[in-house]
Amino acid sequence: MYKYTQVSDTKYVLSLDNHVEIMTALAAFCKECDIYAGAVYGLGAISEATFRFLDPATKQYVDKTFAEQMEITNLTGNISLKDGEVYLHVHVTAGRRDYTCVGGHLLQARINGACELVVENFEDGFLGRRFDEETGLNLYEFKN
Ligand code: FE
């Protein structure tokens, strides 16, 4: 699903395999390396992606899938812990063939080409999550 190398005490560089789904591969990597607090950034090329938009007025999610070849011009996100599992919060901006961009909160994306990520492990830090009624979001929950 991916290859990786550890480049410092806290940083890893990942090369995801072609045609894998990015969120699935990233979650598997975090589990393998025991990373439950951290950050991720990267780029790549994809043939399909589903973005999520939360309407703050209604707290309703609107999901939209783009089935076309796109360049990930930016992927940025964070890694935390919710209900004992790795919790990924990732946003993506993707460039289309006509050089316009679409983007949003990433639900899933299929690689078609390459995807190169840097993952930083916050090691002893604790980043929890809890559902917040007011915003309808899973917000950070810190120990201190
Ligand atoms: Fe988000």
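N121 sits in strand β7, where strands (E, at least two residues) and helices (H or I, at least four) are DSSP runs numbered from the N terminus. The model is predicted, so local features need pLDDT of at least 70 and side-chain atom pairs count only at pLDDT 80 or more, while totals for chains, interfaces and linings use all residues. Residues are numbered from 1 along each chain as its sequence is written, and side-chain values use heavy atoms, with hydrogens and water left out.

With a relative accessible area of 12%, N121 is buried; the word buried stands for under 20% relative accessible area, exposed for over 50%, and partly exposed for values in between (1.4 Å probe, protein chains only). A polar atom of the N121 side chain lies 3.0 Å from the backbone nitrogen of E123. Not counting residues up to four places away in sequence, N121 touches T10, Y12, I35 and A37, contact being heavy atoms within 4.5 Å.

Two of these neighbours, Y12 and I35, lead on to F29. Not counting residues up to four places away in sequence, F29 touches Y2, Y4, Y12, L14, I35 and V119. The relative accessible area of F29 is 0%, and F29 is buried.

The aromatic rings come next. A search of the whole structure finds seven aromatic pairs. Rings of Phe, Tyr and Trp (its six-membered ring) pair if their centres lie within 6.5 Å; planes under 30 degrees apart count as stacked, over 60 as edge-to-face and the rest as tilted. One of the pairs joins Y2 and F29 edge-to-face, at 5.7 Å centre to centre and 90° between the planes. Because Y2 lies in strand β1 (residues 2-6) and F29 in helix α1 (residues 22-32), this pair ties together parts that are 27 residues apart in sequence. Y2 is buried, at a relative accessible area of 16%. The ring centres of Y12 and F29 are 5.4 Å apart and the planes stand at 75°, so this pair is edge-to-face. Y12 belongs to strand β2 (residues 11-16) and F29 to helix α1, so the pair links distant parts of the chain, 17 residues apart. Y12 is buried too, with a relative accessible area of 8%. Ring pairs link Y2, Y4, Y12 and F29 into a cluster.

The iron ion is coordinated by H89 (NE2), H91 (NE2) and H105 (ND1), at 2.2 Å. Donors are N, O and S atoms within 2.8 Å of the metal (3.2 Å for Na, K and Ca); water is not among the atoms, so sites may look incomplete. Along the chain the donors follow the spacing H-x1-H-x13-H. H89 lies in strand β6 (residues 85-95) and H105 in strand β7 (residues 101-121), so the pair ties together parts that are 16 residues apart in sequence. Both H89, with a relative accessible area of 26%, and H105, at 23%, are partly exposed.

D132 counts as buried, at 14% relative accessibility. The side chain of D132 makes a polar contact with the side chain of T135 at 2.7 Å. A polar contact is a pair of N or O atoms within 3.5 Å; within protein, one must be able to donate a hydrogen and the other to accept it, and residues adjacent in sequence count only if both atoms are side-chain atoms. Leaving aside neighbours within four places in sequence, D132 is in contact with L137 and L139.

Two loop residues remain. K59, in the loop between β3 and β4 (60-66), has a positive phi of about 60° although it is not a glycine. K59 counts as partly exposed, at 37% relative accessibility. D83 lies in the loop between β5 and β6 and has a positive phi of about 55°, although it is not a glycine. D83 is exposed, with a relative accessible area of 69%.
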